[in-house]
Structures are given as C-alpha cells and as structure tokens.
Amino acid sequence: MVSKRSLLVLIAMLGGVVLLRGRLSGSAERISANVRAFDLPSAGMYDALVAQFLEGFYARVASEMAAAHPGGNVLEVGSGPGRLAVQLAREAPGMTVTGVDISDAMVERAARRAAGAGLSERVRFEVGDVGALPLADQEFDGVMSTLSLHHWPDPARGLAEIYRVLKPDGEARIYDLAYWLWRPARGGDRLAQLAAASPFGEGEVEIVRWPGSVPAFVLLRLQRAREAQS
Ligand SMILES: C[S@@+](CC[C@H](N)C(=O)[O-])C[C@H]1O[C@@H](n2cnc3c(N)ncnc32)[C@H](O)[C@@H]1O
C-alpha cells in the first residue's frame, strides 16, 4: 500500500517536473550545445576545468615557446582564461605576450590573472577574432594557440591573419585536439591541406603525446619565410 504521505510527495514531484519542464529542457539543450562546442557555460567553469587537466600541457607548450623566443614578442590566439600566457611570461622574463580571444569574459578573466601575477606590463589581452586580428602587420616573433582552431569559423582566414602579424622568419605553433578525441578538430591531413593553401605555403603536422603516451593533440607548425635580401 502506498501511504498518503508518499502519494503527496509523488504528486508534488510530478507537479514540479511539469512546472519546470520548459526550463529544464532549455538548460539541457544549452548544456549539450556547449559541450558539443567544447565551450562550457562560463569562462570560470572552463578555467576551473583546465586547471585540473591541462596545467602540465601548458607547461610543456610554455617551455617550447620560451626556448624558441626568449626575448621575443609573442601572440596567443584564442587565449581563453590566460593560463598559458601567464605561465609563458613567468618562464621567459624578457618576453612580452599578447592574448587575443573572441570572448569578453575570457579576456577579463585572463587580464585579472596577469594582474594577479604582477605581469600586466608584459602580458596584455584583447578581445578580437582570429579572422580579423586587431593587430599591426609583422608585429610578432612567434604565435601560439591551444585548443582554439576547431572553433574558428574560417580557419583559412585565421591562418592568413596569423601570417600577416608574424615577422618574416617568425613561427606559429597551433595545437589542437586530436581528431579522434574531438571530431570538430581537424585531422592531420586536413591541417596540412589548410597550411598548404595558406600564405605559409606549407606546414608540419606532428602528433603530440600528452598525457604520457596518449596522442591527444596535434601540432601544426608554420614558418613565415625570411624576406629575400635585396
Ligand atoms: C577551448 S578554449 C581554449 C582556451 C585556451 N587556449 C586553452 O587552451 O585553455 C577555445 C578558446 O578559443 C576562443 N575562440 C573561439 N573562436 C575564436 C575566434 N574566432 N577568434 C579568437 N578566439 C576564439 C574561445 O573564446 C575560447 O576562449
């Protein structure tokens, strides 16, 4: 026998579900769209998530960039909450780092992180689209990007912009998720084709094994040619 109290609780629960149904299904759709786009509901949530999983990966990218451009001017495209930019500036005290991201919330968060680390003079962030970078031609010795390329609506336009802002002989290192891990990320062949069709003319694609021996990332390396001596 079902008691009167249990029946009342059941009716109240069903009533609640009916009343909240629209709201619940709206949230479920939003969450699933965010997860599909690997764009979590807030910059803060993304920041907390990457703090758990990606610090070691950023340390690896930062040490590669620091070794390549110790006193240089480096751009990060799709800089998100700024963890990599700040880590790199700490590692390379002679370096200046500019982060550009399309999300205001990410840029605010990143700027707060740089200020908190006392690095605002050397690390700045701007809102901008990789397809139309708010930056001058040939300003940077190096460009880096992690886990952003698969979001760009027109990656060919993004690579053309990265080429424009790089100095001659400058290098871009674009890391993305491996295709098997996240389908919107581009596979090695598609990245190589993208590089071949870009002003760079070619690019090298490497599998990046991290964590441990898991081939979780790809790296697209692009080199802007040195200008011919006249
Ligand atoms: C998955 S997050 C990666 C953030 C950071 N690079 C990291 O590794 O944690 C992707 C970032 O790319 C940015 N983004 C997406 N489309 C962009 C675009 N067209 N131009 C610039 N940034 C973009 C997003 O706002 C987001 O911060």
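Welcome to a predicted model, in which local features need pLDDT of at least 70, side-chain atom pairs count only at pLDDT 80 or more, and totals for chains, interfaces and linings use all residues. Residues are numbered from 1 along each chain as its sequence is written, and side-chain values use heavy atoms, with hydrogens and water left out.

**Around the ligand**

- The ligand has 18 residues around it, and Y46, Y58, G78, D101 and T146 come nearest; a residue is near when one of its heavy atoms lies within 4 Å.
- This shell divides into eight nonpolar, seven polar and three charged residues. Here Ala, Val, Leu, Ile, Met, Phe, Trp, Tyr, Cys and Pro count as nonpolar, Asp, Glu, Lys and Arg as charged, and the others, Gly among them, as polar.
- A side-chain N or O atom of Y58 is 2.5 Å from a ligand oxygen, while for the side chain of D101 the distance from a ligand oxygen is 2.6 Å.
- A polar backbone atom of V130 is 3.0 Å from a nitrogen of the ligand.
- The protein buries 93% of the 600 Å² that the ligand exposes when taken alone (Shrake-Rupley method, 1.4 Å probe).

**Strands β2 and β3**

- Strands β2 (residues 96–101) and β3 (residues 123–127) run parallel and are joined by five bridges. Strands are DSSP runs of E with at least two residues, helices are runs of H or I with at least four, and both are numbered from the N terminus; two strands pair if DSSP finds at least two bridges between them.
- T98 has R124 in β3 as its bridge partner.
- From β2 the chain passes through helix α5 (residues 104–116) to β3 in a right-handed β-α-β crossover, meaning a clockwise path from the first strand over the helix to the second with the strands pointing away from the viewer.

**Salt bridges**

- Side chains of opposite charge can pair when their charged atoms come close.
- The whole structure holds 16 salt bridges, each a side-chain nitrogen of Lys or Arg within 4 Å of a carboxyl oxygen of Asp or Glu.
- In one of them, R109 meets D47 with the closest N and O atoms 2.7 Å apart.

**Two loop residues**

- A cis peptide bond runs from W210 to P211, and P211 lies in the loop between β6 (204–208) and β7 (217–223).
- Q138, a residue other than glycine, has a positive phi near 50° and sits in the loop between β3 and β4 (140–146).

Definitions and conventions:
Polar contact = N/O pair within 3.5 Å; in protein donor to acceptor, adjacent residues only side chain to side chain.
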